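Welcome! Please take a look at the structure below, and then let us walk through it together.

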Amino acid sequence: MADTGFLPKEKLNTLLEALSKKLQVFVPVLEGDVVLFRRFASGVTLCLTRPANLPPKGILFPQSETLFNFNFKKDPEDLKKSSLELKENLDFVPTIIFGGRPCDAQGFRIYDRVYLETDTADPYYKGRREKTTIITLTCNAPSPGCFCTSVGRGPAESDGSDLMMTEMEKGYFFEPMTEKGEEILKDSLFEDGSAYKQQAQKAHEKVSALVKKPFATLEGTPEKLLSLFDNNQFWEGEAAKCISCGACTYLCPTCYCFNITDEEVGNTGERIRSWDACMFFHFTLEASSHNPRQNKHQRLKNRVGHKFSYYPKKYNGVIACCGCGRCIRYCPMSVDISGIVAHAQGA
Amino acid sequence: MSYVAGKELRIVGFLCNWCSYGGADTAGVGRFKQPTDLRIIRVPCSGRVNPLFVVKALLNGADGVLVSGCHPRDCHYSDGNFYARRRLEMLKRLLPFLGIDERRFHYTWVSASEGARWKNVVTDFTKAIHNLGPLHHKEEKTE
Amino acid sequence: MTIEKLKEAARKILPEVDVVIGYRQGFDPLHATPYFMTKPEQVDQLIWNSLCVQNLCSYLPFLKGKVGVIVKGCDSRTIVQYMQEKLIVRENVKVIGVPCLRVISVKKVLAAINQQSVKEVTFEGENIVVKTPEGQKTIPLADVAPRKCVTCQLATPLQYDVLAGEGIQSNKPQDTFEETKEFEKLSLEERRAYWEKEFDRCIRCYACRNACPMCICQDKCIAESRDPHWTSQRANVTEKFMFHMIHGLHLAGRCISCEECERVCPMDIPVAKIKKKISMDLKELFGYEAGMNPDDTPPMYVFKVEEATIEEHEL
Amino acid sequence: MSSIHNPYLPELATVIKIIDETPNIKSFQVVLNDPEKMKSFTFEPGQVGQLSLFGVGESTFVINSPPTRMEYLQFSVMKAGEVTSALHELAEGDQVGVRAPLGNWFPYAHMKGKKILFIGGGIGLAPLRTLILFMLDNRADYGDITIIYGARTPNDLCYKDELKEWEARPDVNMILTVDNEFPGWVKRVGLVPNVLKELAPSPENTVAITCGPPIMIKFTLQALSALKFDDEQIITTLEKRMKCGIGICGRCNIGTMYVCKDGPVFSLTQLKELPAEL
């Protein structure tokens with residue numbers, strides 16, 4: 001078995017056709033003016049020229065999913081009595097996420113610590129995660145707003161990817177990171193890639209150097225942010241232009257918060273888990289109408305704090321931001337989280 | 001069974017308490033033969049009908065929606081139906097823009113004494129909806 | 001120069017108000033961002049150019065005290081509508097009007113440069129010149145103007161306390177709702193399919209709602225409420241469709257066509273198209289345009305006993 | 001059903017008894033439908049559970065019956081929002097779901113041999129009740145037990161029968177108070193923190209455990225500190241909007257701590273280390 005592989009550009013579609021016969025393959029496609037992940041099928045045109053607007057997180061953590069169905073059954077003997085039945089569905093389909101960026105894959109690593117590496121692992125995420133192979137494409141240019149190298153990552157950072165590909169002039173150089181990745185490389189379509197290894201490495205370094213560096217280091221930042229917790233003036237200033245929508249969180253590859261709600265029609269219904277955002281007023285609103293984060297600056301503070309302070313404090317210094325820049329790029333008001341962190345460092 | 005041949009369709013009717021609901025009652029008392037596809041929701045006044053009621057019904061399984069209130073100038077609350085008329089007219093124009101046939105939504109005025117008129121409204125609207133057929137809803141998954 | 005006049009106006013107003021809202025350079029040269037100035041020295045960073053797209057009035061209902069705000073012609077309809085709905089105390093708002101012939105659509109510029117990162121932006125006459133790692137591109141401003149600028153009639157704001165510059169006349173044709181009428185030529189099935197495809201992308205981030213100057217009850221929105229239970233949290237087209245209907249219909253007669261909803265959509269859903277259609281019908285039926293006159297009553301709040309434009313519908 | 005443990009899947013349970021505690025608080029005694037699971041169910045005093053009403057949703061409540069009395073699990077519910085209002089409509093025999101136990105518990109092992117001071121307000125007596133009953137069932141392990149409990153009016157006092165029992169016990173010092181004068185009320189009148197100040201219990205070898213409405217907790221903590229209680233001697237339980245109950249969904253955090261999983265029980269020392277976001 002080869003350590004690395006090479007696939008001529010014209011064979012990419014053949015590979016995806018072959019893979020999609022065995023499992024479901026998600027690829028980035030252009031729709032309207034946005035790139036998002038859709039099921040691969042014949043005739044689908046890939047868009048690999050820029051990172052997707054919407055990261056592939058929804059494939060492992062759907063925007064909404066049924067946790068279980070419930071069913072009240074009337075007792076035919078005594079209609080006043082009913083019994084209740086719950087049904088969960090934990091069968092998941094083997095999946096490939098193809099053509100996400102390294103930052104997208106790292107998003108799942110942020111999830112893993114919370115959803116898997118705990119005594120109460122999330123069976124839905126776990127089920128999908130285990131059956132999913134992630135093939136990422138390294139970046140060949142930074143996108144507006146991205147800053148991955150400042151959060152300890154990079155345009156070719158392999159953490160989270162099973163197989164990583166780098167665009168070369170005539171094809172793609174593939175490097176496996178895990179057994180799942182090696183499995184894919186076994187396909188006879190792949191040529192030996194060893195000749196391209198150095199070239200790919202050089203390309204990675206070149207792009208790395210181009211990525212914006214809003215701050216030099218994050219050492220001490222988690223503590224610094226905590227020390228600013230009560231500084232309302234700072235946070236009100238940073239949040240003044242924020243409109244408290246959920247664009248930043250829903251486009252974020254690392255944001256993993258959710259809501260649980262019940263829906264019922266007649267005697268049946270389901271418990272649904274859906275994306276939720278700490279930027280929304282109702283997120284922490286209690287039944288008593290008390291809200292610990294009733295102002296938008298408190299909510300923005302939580303978002304920044306979670307990524308750059310609470311999570312790293314809990315998980316060995318790992319920053320819960322992959323630097324993909326989507327929250328900056330697509331923010332209606334151009335709120336810049338990297339700028340906020342930089343301001344906090346200097347405050 | 002529907003009065004109109006074929007499978008019964010789902011039609012929702014929002015009827016004002018003072019006129020149209022009475023009109024439907026009069027039609028019933030008069031033993032007029034009427035199709036049974038209509039499910040009536042009694043509202044205090046046609047002015048109570050939020051256009052979103054109609055949208056919600058059409059998006060969630062209704063094949064047609066009928067709103068009926070007191071004739072203009074006859075509103076129990078003097079002007080509820082005047083407001084309704086403006087709102088519902090706006091809605092009637094918006095629906096086809098979204099790809100929903102405007103004939104699936106009808107608003108009209110029926111007084112409490114107009115049992116025969118009510119019968120005609122229901123019959124004609126039901127026929128119209130049957131001509132259009134069911135408003136197809138694709139099976140949707142949450143994922 | 002308009003910018004010097006704006007700075008002068010901001011400096012002059014600052015002592016009378018708690019904050020002046022303007023624009024400054026955003027995270028890259030293509031993005032301007034709202035700028036909340038409380039100190040005179042901050043005024044130096046104020047900018048004014050075609051990148052200043054956001055409707056800054058949207059912040060006003062949520063701010064206490066006295067506020068100064070920089071307002072373009074299109075945005076000034078927001079002020080009018082707020083006055084009409086008593087959502088602001090006009091005396092507490094110092095409106096710095098700025099004459100404007102056109103802004104740009106950042107999305108359109110990005111599409112024109114293949115979504116590359118931007119190194120530098122300059123304006124040369126009626127063109128925007130964008131420098132990217134791949135080179136330089138000169139794009140006529142008219143090609144990347146948002147929809148609202150194409151038929152803009154408000155080069156000078158309707159409301160202002162200070163005008164930064166001379167009042168100017170619009171040089172654009174009247175809006176004849178061409179796009180709306182064109183869309184209505186499609187078959188019902190095509191229209192339905194169009195919206196289902198567009199709404200399918202919706203991630204329910206509510207950016208459209210929160211950026212909307214008229215969506216003032218966004219924290220209590222029925223799109224998220226359980227009681228009343230208008231929508232579920234299911235991420236299917238029906239629910240998304242419903243949300244956009246809620247947004248559209250709640251704005252009938254109130255939408256001032258700033259098109260912020262569409263500008264901010266991270267999924268590029270043409271949500272303003274629905275509002276545009278409603279605006280067209282309001283104009284046809286009631287001869288009404290929202291946000292033009294503070295003393296108007298929105299057409300949904302009034303009626304005529306005999307409606308000349310509404311005919312009885314026959315079955 | 002799959003073999004993977006699904007922490008989101010509630011155990012089905014039946015409401016066997018409903019007690020009207022106050023005009024807006026009801027207690028629900030619940031048993032798991034699976035007798036084996038009920039038999040093997042264990043928890044620690046202070047742990048919480050998610051009570052499900054299918055079709056409406058879930059809400060978090062402390063299991064306020066003690067682990068020493070396992071005939072049923074009791075939850076007390078104040079009518080406030082969607083789920084609690086629907087729970088109030090339940091009848092005996094109705095089906096609910098239970099996800100429990102969740103969260104941490106009172107560090108009772110460290111309280112052995114000490115004097116215990118309970119300070120509760122309104123529905124805030126619920127989490128204290130678990131520990132009170134647990135301690136009374138292991139009475140010899142603890143020193144003097146003092147309970148200061150208050151509510152707005154006498155009608156708003158929870159667990160009225162038990163309050164009488166505790167008042168009658170020689171080994172419990174029970175102080176009841178209501179906020180304002182009330183016809184027929186002959187006991188103390190005054191806000192809980194003020195009563196606490198008047199009584200001025202000694203901090204010596206004592207642990208104070210408090211729960212109640214946020215404003216009461218705030219002033220009680222101040223009063224205890226003024227009485228020279230160390231932060232380590234003060235324990236409280238917190239409440240937040242919760243969904244998952246297992247530290248994932250992200251809404252109940254105070255800084256790094258998730259109230260559902262790392263809490264709800266915190267010492268004042270721990271609380272002071274957290275950002276002030278209550």
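At what angle do helix H8 (residues 232–239) of chain A and helix H10 (residues 296–314) of chain A pack? The angle is about 90 degrees, and the axes of the two helices are 8 Å apart. Before going further, please note that this is a predicted model, in which local features need pLDDT of at least 70 and side-chain atom pairs count only at pLDDT 80 or more, while totals for chains, interfaces and linings use all residues. Residues are numbered from 1 along each chain as its sequence is written, and chains are lettered from A and ligands numbered from 1 in the order in which they are written.

**The helix pair in chain A**

- Helices (H or I, at least four residues) and strands (E, at least two) are DSSP runs, numbered from the N terminus.
- Axes here are lines fitted to C-alpha atoms, for helices over the stretch in contact, and angles run from 0 to 180 degrees between N-to-C directions.
- H8(A) is therefore roughly perpendicular to H10(A), a label for angles of 65 to 115 degrees (under 35 is roughly parallel, over 145 roughly antiparallel, and the rest oblique).
- From H8(A), the residues A:Asn232, A:Trp235, A:Glu236, A:Glu238 and A:Ala239 meet A:Lys296, A:His297, A:Leu300 and A:Lys301 of H10(A); two residues are in contact if their C-beta atoms, placed from the backbone, lie within 7 Å.
- This contact divides into three nonpolar, two polar and four charged residues, where Ala, Val, Leu, Ile, Met, Phe, Trp, Tyr, Cys and Pro count as nonpolar, Asp, Glu, Lys and Arg as charged, and the others, Gly among them, as polar.

**Two serines in chain A with positive phi**

- A:Ser289 sits in the loop between strand S12 (268–275) and H10 of chain A, and its phi is near 80 degrees, a positive value in a residue other than glycine.
- A:Ser334 also has a positive phi, of about 60 degrees, and belongs to the loop between helix H11 (326–329) and helix H12 (337–346) of chain A.
- Are these serines buried or exposed? A:Ser289 is exposed, with 9 other C-beta atoms within 10 Å, whereas A:Ser334 is buried, with 24.
- A residue is buried if 20 or more other C-beta atoms lie within 10 Å of its own, exposed if 12 or fewer, and partly exposed in between, with C-beta atoms placed from the backbone.

**Chain B**

- Chain B has four helices and four strands, running β-α-β-α-β-α-β-α from the N terminus on.
- Its radius of gyration is 15 Å, close to the 15 Å that the globule rule gives for 143 residues, so chain B is as compact as a globular protein of that length; the radius is taken over C-alpha atoms, and the rule is 2.2 Å times the number of residues to the power 0.38.
- Of the 143 residues of chain B, 52% count as buried.
- The mean pLDDT (the predictor's confidence in each residue, from 0 to 100) of chain B is 91, and 90% of its residues reach 70 or more.
- Residues 138–143 of chain B have a pLDDT below 50, and this stretch has 12 contacts in the model beyond near neighbours in sequence.
- B:Glu102, in the loop between H3 and S4 of chain B, is partly exposed, with 15 other C-beta atoms within 10 Å.
- Leaving aside neighbours within four places in sequence, B:Glu102 is in contact with B:Lys92, B:Leu95 and B:Pro96.

**Chain D**

- The secondary structure of chain D comprises seven helices and 15 strands.
- With 278 residues, a compact globule would have a radius of gyration near 19 Å, and the 18 Å of chain D agrees.
- Two peptide bonds here are cis: one joins D:Ala100 and D:Pro101, with omega about -5 degrees, and another runs from D:Gly263 to D:Pro264, with omega near 10 degrees.
- D:Pro101 is in strand S6 (residues 95–102) of chain D, while D:Pro264 lies in the loop between strand S14 (257–258) and strand S15 (265–267).

**How the chains meet**

- Of the five pairs of chains in contact, chains A and C share the most contacts.
- Chain B and chain D do not touch, and their nearest C-alpha atoms are 17 Å apart.
- Between chain B and chain C, the contact takes 32 residues from chain B and 30 residues from chain C.
- On the chain B side of this contact, H3(B) gives the largest share, 11 residues.
- By class, that side of chain B has 16 nonpolar, five polar and 11 charged residues.
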